[in-house]
Amino acid sequence: MSTHHTKEPILEIRSLSKHFGGVKAVDDVSLTVNRGDVVGIIGPNGSGKTTLINCITGFLKPTKGTVSFHGKEITGKKPHKIADMGINRTFQIMRPYYSMPAYKNLVIPLSSPRAKRVGGWRGGGKHGDRDTVAVDILEELGFERDSRVPYKMAGTLPTGYLKRLELGRCLALRPELIICDEVFSGLSASEISSLVPLIEKLNGQGITMIMIEHRLAELFRVANRVMALSYGEKVTEGAPDEVINHPKVREAYLGSEEDF
Amino acid sequence: MTTETTHKRRERIDRGIKVRSESLYALNSFEEIAYLLTPRVMLIAAFVLMPLILSPWPYWGRVGLSVCILAMLSISFDFLANYVGLVSLGGAFFYGVGGYMAAVLNTELGLPPILSIPVATLLGAAFCTLALLPCLPLRGIYFAIVTLMYPLLMTRIIEAFDILGGTEGFRGIDGFSGFFTEQYGLILAMFIALFGLRRFVNMDGGLVIRAVKDNDQSVRASGISVTWTKAKAVFLASLTGCFAGAYYIHMYSNVGISSFALDLSIMPIAATIIGGAGTLVGPVLGAAILVPLSEFLRDFGSLRIVVYALVLTGFVVFRSEGLMNYMTRKYQQVERWVKI
């Protein structure tokens, strides 16, 4: 983890709520993410983690509260506008373009207005050049360049590669903030241990990250701050060890003492 | 000792060519180039020779042009349905708007066909795209139903307000200067639409459009507006459709509310099913079968639609992949004998 001399807030969430009818999926959650942070969000299933990031990235409109990026309010903006500002996300259920080869999947984000504006990719992104840039990005993510993997149909790739492809889509957009929705889930221990250095490397390049995770051991290797959610409410926030020892977090994950 | 025998085995000829033509390596023989070009050349040659063969029979010349008109509408349908994921029943809408636009430009403003057709194509496509803009978030059957309403709506508006010539339509629109101008103008335009779109769908811009069909949430997450991407695709499709309409009314020198007829939305689907969906060439083949077939069946009177339906059903049941996909597969399976 990088050390932070200046704490410059990049993303500020203030009293955000999202209600579906009577269900309070996210209830009055506030969080500040500083530049260079790796913030983990943990919580049992159904605690509102994915809803929270859907609200940040514009895929859902929050019922109450605001989200600001670099001090500018982005609440309720369209998803592509928010992605265009440099907040890029992965999906928990991977969403590749199944009918295209893996590298063509990255040609889409490379053709976006943001990639053209701030990309600075070599070749200037003319037709055909994006293919090479896409393979470059995939190689950085662990797709062996000389193997046939980058050229295989995305539909035939195993989960591990699809998770990397999700990250690739973010990287192609030259993100400032990547929000990962469970990148480690569904992966084997060895696949995760090869992804962790990648996350550290991206963070070292100055990319701020928010990571939703169930795999706490791996998350705590990379995260410098963790927020715990339960039933849509923020339970606690702080350094990883503090959070995991918090009685309410233990209760949420392991059940209360009385249950035993 | 052993007798000298030459053993032979059969070998598919497309494998090596496929590998080489998809990568950087140039094709290394005339045979391979010929293998790749033959189907394309056959298609082009057929349409280039058609006017020459049909010139003694102007009636059948017109039938040939109807093939091109239906082919363009079908290409437009195939592109929207199988590359963008918008199943459009708006063929008649594109066609009618293009037709009326050209009629107004020609009769009211006096533009000659050489100007009225391209201007009507552009303005018509812009009009169609704006009209369909509110429906773009819809998908599948919902988009289909809404696009079906547009041509019906146009007919009613023209009738009710008695505008644009009312039920009479426009007459006395300028025709073309000659048989061959008329023929080759349309054939050229059809090839531009066909090969232009085929190339476009494989370029980066076309890839983004196909991505919307595959997974629109991912496109949004890539910082690209899905609505804008779909609007661009609809514009391309309506260009093709409006051109067909504008050209057709100059051929027959009149336009009426029949330009918004339901047939023009339905026939392209039939042509696409017969020809092979998602190929863009298939719809051209489908049109080349359907239009002459419907001419031959004129003698059957009211039984025509029965025979027509049987042919369609036959294709759906026995060749549901469509002719083009079937023929491509067979062509790739062509084998030759090689010595071993």
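Student: Which residues touch the most other members in the largest nonpolar core?
Tutor: In this predicted model, that core has 82 residues, and Phe47(B), Phe79(B), Phe93(B) and Leu186(B) touch the most other members.

Student: And which helix gives the most to this core?
Tutor: Helix α3 of chain B, residues 58-84, gives the most, contributing 14 residues.

Student: What does Phe47(B) touch, leaving aside residues up to four places away in sequence?
Tutor: With those set aside, Phe47(B) is in contact with Val67(B), Cys68(B), Ile187(B), Met190(B), Phe191(B) and Val284(B).

Student: Which residues are in the other core, the one of 56 residues?
Tutor: That core lies apart from the largest one, and its members include Ile108(A), Leu157(A), Ala211(B) and Ile224(B).

Student: Turning to aromatics, how many pairs are there over all chains?
Tutor: The whole structure holds 20 aromatic pairs. One of them joins Phe179(B) and Phe180(B), with 5.2 Å centre to centre and 85° between the planes, an edge-to-face arrangement.

Student: Are Phe191(B) and Phe195(B) stacked or edge-to-face, and why?
Tutor: They are stacked, because their planes are at 25°, with the ring centres 5.8 Å apart; the cut-off for stacking is under 30 degrees.

Student: How far apart are those two in helix α7 of chain B?
Tutor: Phe191(B) and Phe195(B) are four residues apart in that helix, which spans residues 179-200, so about one helical turn separates them.

Student: Is Phe191(B) buried or exposed?
Tutor: Phe191(B) is buried, at 11% relative accessible area, whereas Phe195(B) is partly exposed at 29%.

Student: Which residues form an aromatic cluster?
Tutor: Phe93(B), Phe94(B), Phe127(B) and Tyr150(B) form one such cluster.

Student: Which ring does the charged end of Arg62(B) sit over?
Tutor: Arg62(B) sits over the ring of Tyr252(B), 4.6 Å from its centre. Elsewhere, Arg319(B) lies over the face of Tyr326(B), at 3.9 Å from the ring centre.

Student: Now chain A. How many residues of strand β8 are buried?
Tutor: Five of the five residues in β8(A), residues 208-212, are buried. Thr208(A), Ile210(A) and Ile212(A) are on one side, with Met209(A) and Met211(A) on the other, and both faces are covered.

Student: Do β3 and β8(A) run parallel or antiparallel, and over how many bridges?
Tutor: Strand β3 of chain A, residues 38-42, runs parallel to β8(A), joined by four bridges. Val39(A) has Ile210(A) as its bridge partner.

Student: What about β7 and β8(A)?
Tutor: Strand β7 of chain A, residues 177-181, pairs with β8(A) in the parallel sense over five bridges, and Leu177(A) is partnered with Thr208(A). The chain passes from β7(A) through helix α7 of chain A, residues 189-204, to β8(A), in a right-handed β-α-β crossover.

Conventions:
Residues numbered from 1 in each chain as written. Chains lettered and ligands numbered in written order. Predicted model: local features only at pLDDT ≥ 70, side-chain atom pairs only at ≥ 80, totals over all residues. Heavy atoms only, no water. Core = buried A, V, L, I, M, F, W, Y, C linked by side-chain atoms within 4.5 Å. Buried < 20%, exposed > 50% of the residue type's maximum accessible area, 1.4 Å probe, protein only. Contact = heavy atoms within 4.5 Å. Phe/Tyr/Trp six-rings, centres within 6.5 Å; stacked < 30°, edge-to-face > 60°. Lys NZ or Arg CZ within 6 Å of the ring centre and 35° of its normal. Pairing = 2+ DSSP bridges. Right-handed = clockwise from strand over helix to strand, strands pointing away.
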